[in-house]
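Reader: Can you walk me through this one? I'd like to start with the aromatic rings.

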Amino acid sequence: MVVAKKFIHQLTVPTPFAVGDTHVYLLKGDTLSLIDAGVRTEAAWDAIVSQLKEIGYKPSDIEQIILTHHHPDHTGLIDRFEKADNIVGHENVNPWLTRDEEYFNHFEAFYYDYFDENGVPRRFRSYLRKLKSQLDWAGLGRLTHRIDEGDFLPGHSEFRVVETKGHAQSHLSFLREDGTFIGGDHLLQHISPNPIMEPPNIGEKERPKPLLQYRANLEKCLSLDIKIVLPGHGNTFSNVNEVIPVRFAKQESRANKVLGLLKEYSQTAFQLCEQVFPRQYETQIDLTMSETIGQLDYLEDIGLVTKTIEDGVLFYHAN
Ligand SMILES: [Zn+2]
């Protein structure tokens, strides 16, 4: 094994998804860690193995895997690194890694109610069942070490954990003392991450408001003195103070579009979703509804819309 000082090295891994390549980071500190683990395909594995080889490492050198969030393009290969005994992440990653049946039943029950309440026709229920096949791309395993806001990365104590929920309820980012920010999908230069709806944790009643979380965590990032972002997708970038205001502006203009439709007449989230995403909602009901509900949560939060319930279905009204 190569003896080296602390370093971060970016590996780029293909995915079969529209998002394209995903980045994995090799982190050398007191231990040798991977941040994220690509998607569960042979092409992704081959890419990691060959890029490790180029810098003098092999998969069996990896001692620990640290996850930014639970999505399949970030967890896929965790079980392929034979010496990586430590799997580190937010506790909400675990049900996905372990394929926790109780959690998936909870997930499905939540989504059925959430869709009914928001006027989504029942024919979309079959689409939800198909979502489970996404797990084929995701890593199998179990967390050995749970981390959250304010913790330090095990073996890399110069990195502090920053909770960045919104895109996922398991999302964490990692900030080094010098302003280097490993941002997963929270901070990307070229796209806004989807604020994907997930159920509340088992035993909790209130659903999350992913877009509001995402906005709050963008605000938080503005105050962190981030010097460079090493993202999960796309280019490394430094102009955080320019990128974040662009994200806010794009989101607020989407919210305005929703508000404009509500000013015409009161309607359900699904009716809005059909108009905002006429070409996408049939094939991507989960993402398009998450986006629409996100804007409604935002408009409600700033006092521009209210909702009422009629026969179990929520109707939104412009104030
Ligand atoms: Zn993601």
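Author: What follows covers ring pairs, then charges over rings. This is a predicted model, where local features need pLDDT of at least 70, side-chain atom pairs count only at pLDDT 80 or more, and totals for chains, interfaces and linings use all residues. Residues are numbered from 1 along each chain as its sequence is written, and side-chain values use heavy atoms, with hydrogens and water left out.

Reader: OK. How many aromatic pairs are in the whole structure?

Author: The search finds 17 aromatic pairs. Rings of Phe, Tyr and Trp (its six-membered ring) pair if their centres lie within 6.5 Å; planes under 30 degrees apart count as stacked, over 60 as edge-to-face and the rest as tilted. Phe 7 and Tyr 57 make a tilted pair, 6.0 Å centre to centre with 50° between the planes.

Reader: Where in the chain are Phe 7 and Tyr 57?

Author: Phe 7 is in strand 1 (residues 7–13) and Tyr 57 in the loop between helix 1 (42–54) and strand 4 (64–66), 50 residues apart. Helices (H or I, at least four residues) and strands (E, at least two) are DSSP runs, numbered from the N terminus.

Reader: And is Tyr 57 buried or exposed?

Author: Tyr 57 is buried, at a relative accessible area of 5%, while Phe 7 is partly exposed at 22%. Buried means under 20% relative accessible area, exposed over 50%, partly exposed in between (1.4 Å probe, protein chains only).

Reader: New topic. Which ring does the charged end of Arg 125 sit over?

Author: That of Tyr 112, 3.9 Å from its centre. The rule is NZ of Lys or CZ of Arg within 6 Å of the ring centre and within 35 degrees of the ring normal. Arg 80 lies over the face of Trp 45, at 4.5 Å from the ring centre.
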